[in-house]
Amino acid sequence: MEIVYENLLTTEWNQVVMWIIGAILIYLAIAKDMEPSLLLPMGFGAILVNLPNSGATAVIDHLFEIGINNHELFPLLLFIGIGAMIDFKPVLSNPKLMIFGAAAQYGIFFTLCIASLLGFELNDAASIAVIGAADGPTAIYVANMLDSNYTAAIMVAAYSYMALVPIVQPPVIKMCTTKKERLIRMDNNIRPVSKLTEILFPIVVTIIVGVVAPDAVALIGFLMFGNLIRVCGVLDSLSETAQKVLANLITIFLGITIAARMTADEFLQMETMLIMGMGLMAFIMDTFGGIMIAKLMNVFSKTKINPMIGAAGISAFPMSARVVHKLGLQEDNSNFLLMHSTGVNVSGQIASVIAGGMILALVG
């Protein structure tokens, strides 16, 4: 009992606040089904490391050093699983969809400028900006490579906003488009993609990115390796393992390991609120950038594009594609945009990794 009383007496108010934050993350994961595979371990881990004299802190710190801090092992391994899940056929059948994936990274560079103007050091500003990639592993990788002082807040913001895509994007999309634009129908006849093209695509992309943005080659290489396992046709069992067992296992470790940087002293700062706000701004500007480039293309194109698909260029795969598809059905229940929005969404996955590599090249 003396130990219990001693721990209660040594518990500080900011630790209690972190328990509440952890409980909120767990609530969102369970009650609202918001990225439960990440938010639940993050929330529980936040409680673990903020208990007085917690014996779990050393273990989680050790996992952080092995899986994130020293070699970025967890984000890279997770990318193998993500790559194995992605079907690039929609974008290979209509390569111009890649333009929207690139345009939807606008929020990253916009936020980099804003964060710098607000007084953040360049490495921190760049790390914060990559929240706009809507790609948790890329955000973790870049923040760690740049040795950001706000890694915990960046991690939480990146994954929280990924979970909030169905809430954040619809009002932005509606604000940026007219009803007439949202009713535009697109041709759903997909051009056949050969097996050879599917196999060559991840290899060629890795080589091109390796030449253009060497700092991104680890991320893009692991992503494309996972996709090559999927499309080669001779490693179906490995592909299934990467998609399910590997991705789920690494997600668990990654989620609870992030909590190593969610201690009260490190997390409860005014800068954390600023980072959360700028992360939201990055998401909004990414959505805006993708939509605006689609509207611009419609000015010069005879075949009109539904500008809502540009919003799927953020890397939150596949949530953003589903959001766009759902909005299309709300306007016209026979207007199916899923194929096009998925093509843009997977393009955004590639573009976000390249953008992360460009940030590392510019700042690192």
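**Contacts, fold and charges**

Modeller: Leaving aside residues up to four places away in sequence, A294 touches F100, I305 and P307, where a contact means heavy atoms within 4.5 Å. Please keep in mind that this is a predicted model, in which local features need pLDDT of at least 70 and side-chain atom pairs count only at pLDDT 80 or more, while totals for chains, interfaces and linings use all residues. Residues are numbered from 1 along each chain as its sequence is written, and side-chain values use heavy atoms, with hydrogens and water left out.

Biologist: Where is A294 found, and is A294 buried or exposed?
Modeller: A294 is found in helix α18, residues 270-300, the helices being DSSP runs of H or I with at least four residues, numbered from the N terminus, and strands being E runs of at least two. Its relative accessibility is 0%, so A294 counts as buried; buried means under 20% relative accessible area, exposed over 50%, and partly exposed in between, with a 1.4 Å probe and protein chains only.

Biologist: Stepping back, how many helices and strands are in the protein chain?
Modeller: The protein chain has 20 helices and zero strands. Of its 364 residues, 53% count as buried, and among contacts between residues at least 6 apart in sequence, 79% join residues at least 24 apart.

Biologist: What is its radius of gyration?
Modeller: The protein chain has 21 Å, which agrees with the value near 21 Å that a compact globule of 364 residues would have; the radius is taken over C-alpha atoms, and the globule rule is 2.2 Å times the number of residues to the power 0.38. Along the principal axes, the C-alpha atoms fill a box of roughly 75 × 45 × 40 Å.

Biologist: Switching to charges, how many salt bridges are there?
Modeller: The count comes to seven salt bridges, each being a side-chain nitrogen of Lys or Arg within 4 Å of a carboxyl oxygen of Asp or Glu. One of them joins R182 and E331, whose closest N and O atoms are 2.9 Å apart. R182 lies in helix α13 (residues 179-182) and E331 in helix α19 (residues 319-331), so this pair ties together parts that are 149 residues apart in sequence. R182 counts as buried, at 11% relative accessibility.

Biologist: What about E198 and K89?
Modeller: Their side chains also meet in a salt bridge, at 3.9 Å from N to O. This pair links distant parts of the chain, with E198 in helix α14 (residues 195-212) and K89 in helix α6 (residues 89-93), 109 residues apart. E198 counts as buried at 12% relative accessibility, whereas K89, at 30%, counts as partly exposed.
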